[in-house]
Structures are given as C-alpha cells and as structure tokens.
Amino acid sequence: MIDNGLIREVGIGTGNVMETQRNSNVLVAGANGRLGPLLRTVWRQVRSTAFQPIYVARSGPADIVWQPGDAIPQMPPCTTLIALWGV
C-alpha cells in the first residue's frame, strides 16, 4: 500500500505495519544460495520502485563479490539487510 510517498507493508496476521522510504536499498547477503535466486526472479518480475536490491555473494552473479579474508568493499547505504547465508 502506498501512502504519502512511503510504502506500507502489513504483516499477514500480525497487524504490524512497516514503512520504508521509496528507492531504499536492500542488501541481500548470501545471494547465491537456495533462496537468493528465487528472490531475484520474483523481484525482477515485480519491478518495484519501492526498493533497489543489492546482491552480495562469494561468486557471481552478484553486485558485490566478496570472499572471507578479502578486504571489505565499500558498501552502499542500505535501509535493510537480508541475511541468507547458511539458509
């Protein structure tokens, strides 16, 4: 639901409302595991302008490729982190 330039998401059965600014970045860590490709496919089909996903993984395809032991790359500002590593 869009209200006054904010995206309002209502949790099913919880009554909780989460508001996020339009065009916020969502950092998806562990993006090449089991769930990452599913999210990527769904988000491509939805084409929402509410957020921009930024995928981080140990190998491509990803926006940021990072291996343990590497220097930590400059990360873009994000409003949300989705941690999928080990899932």
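Two strands pair if DSSP finds at least two bridges between them. Helices (H or I, at least four residues) and strands (E, at least two) are DSSP runs, numbered from the N terminus. By these terms E5 and E6 run parallel and are joined by two bridges.

The structure described here is a predicted model, in which local features need pLDDT of at least 70, side-chain atom pairs count only at pLDDT 80 or more, and totals for chains, interfaces and linings use all residues. Residues are numbered from 1 along each chain as its sequence is written, and side-chain values use heavy atoms, with hydrogens and water left out.

**The sheet and the helix**

Four strands form an open sheet in the order E6-E5-E4-E7, with parallel pairing. E6 and strand E7 (80-83) stand at the edges with a single partner strand each, so one side of each has no neighbour in the sheet. The loop between strand E5 (51-57) and strand E6 (64-65) contains Pro61. A cis peptide bond, with omega about 0°, joins Gly60 to Pro61. Most peptide bonds are trans.

Helix H1 lies across E4, E5 and E7 and runs at about 155° to E5. Such angles run from 0 to 180 degrees between N-to-C directions, and the axes are lines fitted to C-alpha atoms, for helices over the stretch in contact.

**Aromatic pairs**

Rings of Phe, Tyr and Trp (its six-membered ring) pair if their centres lie within 6.5 Å; planes under 30 degrees apart count as stacked, over 60 as edge-to-face and the rest as tilted. The structure holds two such pairs.

| Pair | Type | Centre to centre | Angle between planes |
|---|---|---|---|
| Trp43 and Phe51 | edge-to-face | 4.9 Å | 70° |
| Trp43 and Tyr55 | tilted | 6.5 Å | 35° |

Trp43 lies in helix H1 (residues 36-46) and Tyr55 in strand E5, so their pair ties together parts that are twelve residues apart in sequence. Trp43, Phe51 and Tyr55 form one aromatic cluster.

Is Tyr55 buried or exposed? Tyr55 counts as buried because its relative accessibility is 7%, where buried means under 20% relative accessible area, exposed over 50% and partly exposed in between (1.4 Å probe, protein chains only). Arg40 lies over the face of Tyr55, at 3.8 Å from the ring centre; the criterion is NZ of Lys or CZ of Arg within 6 Å of the ring centre and within 35 degrees of the ring normal.

A nonpolar core is a set of buried Ala, Val, Leu, Ile, Met, Phe, Trp, Tyr and Cys residues joined through side-chain atoms within 4.5 Å. The largest one has seven residues: Val26, Val28, Ala31, Trp43, Tyr55, Ala57 and Leu84. E4 and E5 each supply at least two residues of this core.

Contact means heavy atoms within 4.5 Å. Not counting residues up to four places away in sequence, Ala31 touches Gly36, Pro37, Arg40, Tyr55, Val56 and Ala57.

**Asn25**

Asn25 lies in strand E4 (residues 24-29). Its C-alpha atom is separated by 5.6 Å from that of Phe51, 26 residues apart along the chain. Leaving aside neighbours within four places in sequence, the contacts of Asn25 include Gln52, Ile54 and Cys78.
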